[in-house]
Amino acid sequence: MAEPTFTGVGVALFTVFGDNGEVDVAGTVAHANRVVEAGVRAVLVAGTTGEAETLTDTEREDLIAAVRSGLPPDVTVIAGAGAPWPRAAADRAMAARKAGADAVLVSPARGGVDAAELFGAVTAAVGGADRVIGYHNPGPLGVPGIEVDALPGLPVGAVKDSSGDPVRLLRELAEWGGRTYVGSAALLALAGPLGAPGALLAFANIQPEACIAAFGGDPDAQRSLTGLVVTGRAGGVRALKKKAGERYGISAVSRLGLR
């Protein structure tokens, strides 16, 4: 397996679906390889962008296993493993590791579940905090966020911060010793030059080259992502999948759009 940590730009991978909504495992693996060939260093499977809430546990595990076996061994594979309570999150994380994930991404849970208990259960299940990435994205997910002040007390080795808040990013880099992976493409040209180890981005499904250049500090590349940032904010995963379809010809079907 690859190391659970990575440096550079990772992709929050789309799950590719067929016309009737079935998971296209081969198509998903092919798309993962496409962006890895463009320079992406990590692949997040079954995250928010991968429409994880629409996937069964079997579908999740099959995707993780297929992506892991289909990518070069030095590319880090991360699996979404959020769940409503600690035991369920631990079970999902352990299943992801068995399927081949190098690390797991877990958000806090709704309903007042203690974050330290939740992340502690996941850490024990996967064999160490270095394999656990906390997910701060409270708005779209409808779950609690992870306050910067709370990070030192949580058994996680990294955080994916999708808030798009530059002040929060500055605090994470200055005040916390763990790894901060920026999840907002609007902050790439700030995050990379300031020393963030990496980024995990939906937009790397569509413009991996520009994401990599922007993270390296290229202001022109950062500005070139403006249209995608606006599209993603207005239309979410469904709109971004259409953009990927226009560039790469992958299916733009989203289970979020099926009834």
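Ala46 counts as buried, because its relative accessibility is 3%, under the 20% cut-off. This residue is found in the loop between β2 and α2, and although Ala46 is not a glycine, its phi is positive, about 60°. Please keep in mind as you read on that this is a predicted model.

The loop between β2 and α2 is also the place of Glu51. Glu51 is a residue other than glycine with a positive phi, near 60°. Is Glu51 buried or exposed? With a relative accessibility of 0%, Glu51 counts as buried.

## Strand β1 and its partners

Let us move to the strands. Strand β1 covers residues 8-12, and five of its five residues are buried, so the rest of the structure largely encloses it. Which strands pair with β1? One partner is strand β8 (residues 198-201), which runs parallel to β1 and is joined to it by four bridges. Within this pairing, Leu200 in β8 stands opposite Gly10.

Strand β2 (residues 42-45) is another partner, and it pairs with β1 in the parallel sense over three bridges. Here Val11 has Val43 of β2 as its bridge partner. Between β1 and β2 the chain passes through helix α1 (residues 25-37), making a β-α-β crossover that is right-handed.

## Helices α2 and α3

Helix α2 has 14 residues, and the distance from its first C-alpha to its last is 20 Å, close to the 20 Å expected at 1.5 Å a residue. Its buried residues are Arg60, Leu63, Ile64, Ala66, Val67 and Arg68. What do they pack against? The buried residues of α2 pack against helices α1 and α3 and against strands β2 and β3. An α-helix has 3.6 residues a turn, so residues three or four places apart point the same way.

Helix α3 (residues 86-99) also has 14 residues, and its reach from first to last C-alpha is 20 Å, close to the 20 Å expected at 1.5 Å a residue. Pro86, Ala89, Ala90, Ala93, Ala96, Arg97 and Ala99 are buried in α3. After α3 comes Gly100, which has a positive phi near 120°.

Ala125 is found in helix α4, and it counts as buried because its relative accessibility is 19%, with the cut-off being under 20%. Which residues does Ala125 contact, leaving aside its neighbours within four places in sequence? They are Ala90 and Met94. The C-alpha atoms of Ala125 and Arg87 are separated by 9.5 Å, and the two residues are 38 residues apart along the chain.

## The nonpolar cores

The largest nonpolar core holds 71 residues, and the members that touch the most others are Val43, Val104 and Leu188. There is also a second, separate core of twelve residues, with Phe6, Leu44, Ala103 and Tyr181 among them. In soluble globular proteins, nonpolar side chains tend to be buried together.

Leu188 is worth a look in the viewer. Not counting residues up to four places away in sequence, Leu188 touches Val182, Pro193, Ala199, Leu201, Cys211, Ala214, Phe215, Gln222 and Leu225.

Asp161 lies in strand β6 (residues 158-161) and counts as buried because its relative accessibility is 3%. How do its side-chain polar contacts run? The side chain of Asp161 is joined to that of Ser163 by a polar contact of 2.7 Å, and to that of Arg168 by a polar contact of 3.2 Å. Leaving aside neighbours within four places in sequence, Asp161 is in contact with His136, Arg168, Leu169, Glu172, Tyr181, Val182, Gly183 and Ser184.

Ser184, in that list, lies in the loop between β7 (179-182) and α7 (188-194). Its relative accessibility is 13%, which means that Ser184 counts as buried. Beyond its neighbours within four places in sequence, Ser184 is in contact with Asp161, Ser162, Gly164 and Leu201. Leu201 is also one of the residues that Leu188 touches.

How values were computed:
Residues numbered from 1 in each chain as written. Predicted model: local features only at pLDDT ≥ 70, side-chain atom pairs only at ≥ 80, totals over all residues. Heavy atoms only, no water. Helix = DSSP H or I, 4+ residues; strand = E, 2+ residues; numbered from the N terminus. Buried < 20%, exposed > 50% of the residue type's maximum accessible area, 1.4 Å probe, protein only. Contact = heavy atoms within 4.5 Å. Core = buried A, V, L, I, M, F, W, Y, C linked by side-chain atoms within 4.5 Å. Polar contact = N/O pair within 3.5 Å; in protein donor to acceptor, adjacent residues only side chain to side chain. Expected span 1.5 Å × (residues − 1). Pairing = 2+ DSSP bridges. Right-handed = clockwise from strand over helix to strand, strands pointing away.
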